[in-house]
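Me: Could you walk me through this structure, one part at a time?

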Amino acid sequence: GQPLTPVRVWLVILVSLAGCGAVWWAEGKMGRGAVRNVSLTTGNRPSWIRVAANFFSCPVFRAGMNGWHFNRLGSHGPSPGFVLLAGLVAAVLPLAALVCRTCMHPLAGYDTPWRWDHLARMMFWQKSLDFYPPQTADHFLIYPYADGIPPLVASCYWFVYATCGVASATLTTPLVVGQLVSCLGLVYATARQLGGAGAGGVAVFAVCLTPLCWQGVLIGQETGFTSIAVAGQLAAVVAAQTGFSTRRLLAAGLFAAVGTAAREYGIALSLVAVAATLTVPATRRWGVAVVAAPALAVAAAWFGRNWWLAGNPLFAMPFFGWPPANPVHAAIMAHYSQICGFTAAPWHQARAIGQELLAGAVPLLVVGLPAAWMLRRQCSFLLVAIGLVTALWAWSIQYTAGGVAYSMRVLTPVWCCLAVAAGVVLAPRSQRKTSPRG
């Protein structure tokens with residue numbers, strides 16, 4: 001191979017960004033749904049143009065692997081500052097596309113308008129949350145879906161509407177874009193602490209080359225916040241490992257609480273901080289309690305409220321012997337489980353998953369998974385986070401009426417973890433820091 005020079009890296013970056021921009025334009029011209037649907041994915045049938053675009057971005061990681069190879073041999077690669085700048089430049093395109101997309105068609109998930117956004121509008125107009133979760137006919141006239149999930153997303157939209165004095169979905173654009181910016185910042189912070197500034201730049205670049213990650217944020221549901229929760233827990237605990245501070249452990253706990261407040265499965269995401277905290281010898285006795293307390297407090301408050309009002313912490317779903325508060329909704333979800341579960345049509349489901357991964361996550365699959373495995377001794381908590389979120393996604397498939405492709409939004413935090421691993425492995429060796437051991 002040829003040495004990894006700045007000129008070659010810039011050429012690869014410019015070609016890849018131009019290719020992604022051309023894909024965005026072509027999809028809109030060809031009516032494939034890039035403007036009208038969720039993001040660069042179009043339902044269950046990714047177009048050939050997006051599959052080609054993801055493979056088109058692989059030269060970036062090919063160049064990165066060349067750089068890693070020369071770093072191992074002791075040769076000099078690009079400086080960490082250069083790699084960081086390249087990552088920031090790569091972030092411009094998805095951010096610009098996200099702003100345009102959310103301005104034209106905000107909150108574009110299939111069920112975002114009539115669940116998350118509708119709840120926010122009802123909170124704005126009713127000036128109360130007494131109708132949620134809905135239990136009476138009057139409640140269902142206000143909010144017609146049997147839902148009892150924590151309302152962090154809807155509360156944020158309500159705050160925006162209340163501040164501006166009008167309920168317009170376009171006003172949520174700064175919030176949605178801010179979630180992606182937060183994910184990029186936390187991914188950079190984690191990778192930088194583990195592998196230096198160069199690792200942070202590569203990690204940001206990796207996220208920007210993963211349309212599935214953009215989609216998970218763009219739809220305006222809980223997955224932007226769950227990604228922030230996971231990436232924030234990793235960043236805070238890694239910071240505590242490199243320079244111990246109780247405040248950093250508490251910050252990890254607060255990020256875990258964000259996940260808990262975003263969705264009913266969010267409480268499970270606190271296990272990421274718990275697992276990572278166990279790798280800090282000085283805190284094993286009490287650190288777990290510090291990081292778990294905020295998430296448990298949020299869970300107790302919200303699910304206790306559901307229990308008090310409806311007799312079931314999860315409201316409409318069975319929960320450890322508690323009967324569902326809405327048997328009709330529970331029966332509908334059971335039917336979804338039969339027709340949408342992976343066992344219902346395994347070949348069709350596997351094909352849909354493969355298509356989505358090919359169309360939206362090729363670079364991270366090619367580089368991130370092996371990188372995470374290579375770091376299993378130094379950063380075991382990355383594998384814990386990846387495995388936990390993947391298990392939650394597998395569990396969610398059976399309850400997703402939009403199909404297995406739509407359920408993959410739950411995997412959004414995984415792409416952040418894989419980006420961190422890719423950044424650390426591809427960072428210039430001379431600039432790498434000693435990674436915490438887990």
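**Helices, contacts and backbone**

Reply: Helix α8 (residues 173–195) has 23 residues and reaches 33 Å from its first C-alpha to its last, close to the 33 Å expected at 1.5 Å a residue. The expected span is 1.5 Å times one less than the number of residues. This is a predicted model, in which local features need pLDDT of at least 70 and side-chain atom pairs count only at pLDDT 80 or more, while totals for chains, interfaces and linings use all residues. Residues are numbered from 1 along each chain as its sequence is written, and side-chain values use heavy atoms, with hydrogens and water left out.

Me: What follows α8?

Reply: Gly196 follows α8, and its phi is positive, near 95°.

Me: How many helices and strands are there in the chain?

Reply: The chain has 20 helices and 0 strands. Helices (H or I, at least four residues) and strands (E, at least two) are DSSP runs, numbered from the N terminus. Of the 438 residues in the chain, 56% are buried. Buried means under 20% relative accessible area, exposed over 50%, and partly exposed in between (1.4 Å probe, protein chains only).

Me: Which residues of α18 are buried?

Reply: The buried residues of α18 are Phe381, Leu382, Ala385, Ile386, Leu388, Val389, Leu392, Trp393 and Ser396. They cover an arc of only 165° around the axis, which puts them on the same side of α18. The arc is that of the directions from the helix axis to the C-beta atoms. An α-helix has 3.6 residues a turn, so residues three or four places apart point the same way.

Me: And what covers them?

Reply: The cover over the buried residues of α18 includes α11 (223–242), α13 (270–277), α16 (346–360), α17 (362–374), α19 (404–407) and α20 (412–426). Contact here means heavy atoms within 4.5 Å.

Me: α13 and α14: parallel or antiparallel?

Reply: α13 and helix α14 (residues 287–310) pack at an angle of about 170°, with their axes 9 Å apart. The two helices are therefore roughly antiparallel to each other. Angles under 35 degrees count as roughly parallel, over 145 as roughly antiparallel, 65 to 115 as roughly perpendicular and the rest as oblique. Axes are lines fitted to C-alpha atoms, for helices over the stretch in contact, and angles run from 0 to 180 degrees between N-to-C directions.

Me: Which residues make that contact?

Reply: α13 contributes Ser270, Ala273, Val274 and Thr277, and α14 contributes Gly287, Val288, Val291 and Ala295.

Me: Changing topic, where is Ala316?

Reply: Ala316 is in the loop between α14 and α15 (327–340), and is buried, with a relative accessible area of 3%. Ala316 and His329 are 13 residues apart in sequence and 6.4 Å apart in space, C-alpha to C-alpha.

Me: What does His329 touch?

Reply: Leaving aside neighbours within four places in sequence, His329 contacts Tyr145, Ala146, Ala316 and Met317. His329 belongs to helix α15 and is buried, at 9% relative accessible area.

Me: Where is there a cis peptide bond?

Reply: A cis peptide bond joins Tyr132 and Pro133, with omega about 0°. Pro133 lies in the loop between α5 (116–126) and α6 (137–142).

Me: What about Lys127, buried or exposed?

Reply: Lys127 is exposed, with a relative accessible area of 71%. Lys127 also lies in the loop between α5 and α6, and has a positive phi of about 55° although it is not a glycine.
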